[in-house]
Amino acid sequence: MKTRLPIALAVVAFAFPALAKEEAPAPAATSAARDLAYGAYQRGDYKAAMNEAKKRLDANPKDAAALTLIGRLFLEGAGMPRDMKKAMEWFRRGADAGNAEAAYYYGVASLEGIDAQKDRARARAYLEKAAAQEHAAALHLLGEIALENDGRDPDFATAMNYFKRASAAGSADADYAIGVLYKTGKGVTKDDREAASWFKRAADVELPPAMVEYAIMQFNGIGVDRDRTAAVELLHRAALKGNAVAQNRLAHLYADGLGVEVDLAKAKEWRDLAKEQGLNDPTLDYLSNAALPKKPAEPKPPASPQSPAPPRSPTPPTVPGK
């Protein structure tokens with residue numbers, strides 16, 4: 001299992017705040033009706049959100065939710081220029097005050113050196129702060145760190161413990177990670193049915209890598225009943241989400257007519273989409289020179305009533321092959 005991928009996804013959450021919102025909702029959400037600062041944030045009134053958060057800090061400088069909300073405003077550039085350095089400063093303060101979301105973000109920043117000095121020990125400490133509150137993304141990331149294990153042999157037992165906790169907290173990424181361990185037999189006894197079960201959990205909430213894995217198992221009848229129609233449909237959904245592996249698999253299916261009718265035009269289209277993302281498959285290079293079906297010629301508009309009828313051909317046309 002590649003252990004850098006989930007860390008990279010965490011970095012993506014910083015680059016695209018909409019993803020960050022989905023990954024870790026603000027803890028004040030449960031009391032949004034009573035929280036003027038978070039309520040303003042939810043309405044998109046970011047200036048009011050900042051003012052209300054600062055009022056809360058005037059009353060209590062260690063108000064973890066208010067500290068974290070200000071960090072989020074700087075992270076997203078909501079109502080102000082985006083400032084990652086300031087966001088990390090506020091997240092650190094929020095984390096030290098006990099906020100799990102802030103601890104997760106600051107932990108990732110320390111791990112990857114995002115407007116903060118790289119420090120794996122500090123990163124682990126802050127991720128553990130978040131994990132102590134069963135923060136799903138932090139638990140999952142700690143599991144991946146245990147697999148990476150600073151270049152030593154993977155600590156599968158620790159990783160699985162984190163993944164199981166992350167799964168219980170709602171992490172589809174953790175479900176996928178557990179599926180990979182069962183599929184490969186790393187740290188556990190290889191079990192295709194168990195792997196398929198975990199992949200399906202993540203695929204059911206539209207996690208593209210899990211959708212691909214489950215579709216392949218479903219297509220081949222490995223660990224689950226064979227259903228090629230459902231597998232192709234699942235691959236289509238993953239491919240439309242931009243998953244290069246799904247696009248590549250669809251290219252092969254359409255090229256070879258497996259589970260679908262042969263369609264070289266579609267095969268080439270999916271191959272090219274995967275290639276644009278860096279997945280270059282030489283076995284599909286022949287599609288560039290394959291005879292693709294031509295588009296039917298557009299019908300010519302009928303002659304106007306005033307136009308003379310075209311002259312008849314003196315001899316009838318011949319039929320090829322006769």
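Mentor: Let us begin with one crossing: helix α4 passes helix α5 in a left-handed manner. A crossing is left-handed if the near helix is turned anticlockwise from the far one by less than a right angle, and right-handed if clockwise. Helices (H or I, at least four residues) are DSSP runs, numbered from the N terminus. Please note that this is a predicted model, in which local features need pLDDT of at least 70 and side-chain atom pairs count only at pLDDT 80 or more, while totals for chains, interfaces and linings use all residues. Residues are numbered from 1 along each chain as its sequence is written, and side-chain values use heavy atoms, with hydrogens and water left out.

Trainee: At what angle do α4 and α5 pack, and how far apart are their axes?

Mentor: Axes are lines fitted to C-alpha atoms, for helices over the stretch in contact, and angles run from 0 to 180 degrees between N-to-C directions. Here α4 (residues 46–59) and α5 (residues 64–76) pack at about 150 degrees, and their axes are 9 Å apart. The pair is therefore roughly antiparallel, a term for angles over 145 degrees.

Trainee: Which residues of α4 and α5 meet?

Mentor: Contact means heavy atoms within 4.5 Å. On the α4 side, the residues include Y46, M50 and L57, and they meet a set in α5 that includes L67, I70 and F74. By class, this contact has twelve nonpolar, no polar and two charged residues. Ala, Val, Leu, Ile, Met, Phe, Trp, Tyr, Cys and Pro count as nonpolar, Asp, Glu, Lys and Arg as charged, and the others, Gly among them, as polar.

Trainee: How many salt bridges does a search of the whole structure find?

Mentor: Side chains of opposite charge can pair when their charged atoms come close. A salt bridge is a side-chain nitrogen of Lys or Arg within 4 Å of a carboxyl oxygen of Asp or Glu. The search finds 18 of them. In one, E52 pairs with K55, with the closest N and O atoms 3.5 Å apart. Both residues lie in α4, three residues apart, about one turn of the helix.

How values were computed. Helices (H or I, at least four residues) and strands (E, at least two) are DSSP runs, numbered from the N terminus. Angles under 35 degrees count as roughly parallel, over 145 as roughly antiparallel, 65 to 115 as roughly perpendicular and the rest as oblique.
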